[in-house]
Amino acid sequence: MTTVESAHNVRVLGSGPKTIVLGHGFGTDQSVWKHLSPHLIADYKVIVYDNMGSGPTNPDYFDFDRYATLEGYAYDLLAILEEFQVEKCIYVGHSLSSMTGAIASIFRPDLFHKLIMISASPRFMNTDDYYGGFEKKEIDQLCSAMETNYKSWISGFAPLVVGGDMDSVAVQEFSRTLFNMRPDIALSVFRTIFTFDSRHYLERVIVPCHIIQSSKDMAVPMAVAEYLHQNLGGKSIVEMMPTEGHLPQLSSPEITIPVLLRHIKHDIC
């Protein structure tokens with residue numbers, strides 16, 4: 001097993017002629033795709049991996065400087081594609097990984113047939129001319145709460161993000177993967193995500209992008225999906241789902257999985 005393979009817990013499922021790569025968002029790991037991957041392995045080769053810093057990865061490998069920007073994650077993705085000799089793939093990215101995929105596609109557009117972006121945002125913080133959903137003060141308060149009591153923070157954050165109460169299976173699952181992260185790493189990744197600004201990259205993304213969004217997502221307002229659609233450099237399409245929460249593939253798989261399968265199968269006309 002290579003260093004890249006072992007560091008990111010890369011797994012290859014199925015053996016179809018086309019390759020699909022699944023990238024997860026903050027606080028989760030590759031298990032977030034458990035409802036989607038079984039529908040893919042009969043027809044595709046599916047590559048799943050863990051972002052550095054997620055619970056199943058070795059925290060000793062987490063470089064705080066490298067992962068202070070999204071480029072660090074994009075270089076990891078490209079290393080995985082190179083290691084597994086992927087010539088072209090359909091990349092399905094959730095939240096953080098949707099923008100990771102977008103940046104990676106600027107560096108190597110030849111490796112990506114299209115990007116499917118779930119709950120994507122190029123910037124979470126509001127500015128004078130942009131509504132991302134969060135004021136700086138709110139983000140600072142969330143970071144402070146993480147530092148004070150990470151366990152307590154999870155019990156409030158997970159239901160808010162998923163859209164349910166602590167008895168919800170999806171909330172419990174998200175809480176589990178959050179608990180698996182080392183608190184200082186979780187805080188670092190959280191700060192990176194909620195303070196980055198990738199808007200300047202958008203016009204350079206020429207790979208077709210399928211933007212999938214919950215109609216009610218506390219982390220990503222519907223206006224952000226439209227902003228992506230208007231500012232990406234290549235073809236794009238937006239589909240709003242009648243779902244609630246930032247992790248619809250986990251909380252509403254019965255609605256989300258058919259939508260994802262349709263966008264995987266059909267290209268933008």
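Reader: What should I keep in mind about the model and its numbering?
Author: Residues are numbered from 1 along each chain as its sequence is written, and side-chain values use heavy atoms, with hydrogens and water left out. This is a predicted model, in which local features need pLDDT of at least 70 and side-chain atom pairs count only at pLDDT 80 or more, while totals for chains, interfaces and linings use all residues.

Reader: Which residues of helix 7 are called buried, and what covers them?
Author: Buried means under 20% relative accessible area, exposed means over 50%, and partly exposed lies in between (1.4 Å probe, protein chains only). In helix 7 the buried residues are Ile185, Ala186, Leu187, Ser188, Val189, Phe190, Thr192, Ile193 and Phe194. Their cover includes helix 2 (70-83), helix 3 (96-107), helix 4 (136-148) and helix 5 (150-162).

Reader: Are Cys209 and Cys269 buried or exposed?
Author: Cys209 has a relative accessible area of 0%, so Cys209 is buried. Cys269 is at 91% relative accessibility and therefore counts as exposed.

Reader: Why is Phe84 called buried?
Author: Its relative accessible area is 18%, so Phe84 falls in the buried class. Phe84 sits in the loop between helix 2 and strand 4 (89-94). Contact means heavy atoms within 4.5 Å. Not counting residues up to four places away in sequence, Phe84 touches Glu5, Val10, Val12, Lys45 and Ile47.

Reader: What makes His24 and Asp29 buried?
Author: His24 has a relative accessible area of 1%, so His24 is buried. Asp29 has 6%, so Asp29 is buried too. His24 lies in the loop between strand 2 (18-23) and strand 3 (44-48), and Asp29 is found in the loop between strand 2 and strand 3. Beyond four places in sequence, the contacts of His24 include Asp29, Tyr49, Asp50 and His94. With residues up to four places away left out, Asp29 touches His24, Asp50, Ser54, Pro56, Arg176 and Thr177. Asp29 and Tyr49 are 20 residues apart in sequence, yet their C-alpha atoms are 7.8 Å apart.

Reader: How do you know that Gln249 is buried?
Author: Gln249 is at 1% relative accessibility, so Gln249 counts as buried. Gln249 belongs to helix 9 (residues 248-251). Not counting residues up to four places away in sequence, Gln249 touches Val32, Trp33, His35, His94, Ile118 and Thr256.

Reader: What is said about phi at Gln85 and Ser95?
Author: Most residues other than glycine have a negative phi. Phi of Gln85 is near 50 degrees, a positive value in a residue other than glycine. Ser95 also has a positive phi, of about 50 degrees, although it is not a glycine. Gln85 is in the loop between helix 2 and strand 4, and at 69% relative accessibility Gln85 counts as exposed. Ser95 is in the loop between strand 4 and helix 3, and with a relative accessible area of 8% Ser95 is buried.

Reader: Which residues lie nearest the centre of the largest cavity?
Author: On a 1 Å grid over the protein atoms alone, a cavity is a set of points where a 1.4 Å probe fits but cannot get out, and lining residues have an atom within 4 Å of a point. The largest cavity is lined by 14 residues, with Phe26, Ser95, Phe157, Val161 and His246 nearest its centre. Helix 5 and helix 7 each supply at least two residues of that lining.

Definitions and conventions:
Helix = DSSP H or I, 4+ residues; strand = E, 2+ residues; numbered from the N terminus. 1 Å grid on protein atoms, 1.4 Å probe; cavity = no way out; pocket = protein on both sides within 12 Å on 5 of 7 lines; lining within 4 Å.
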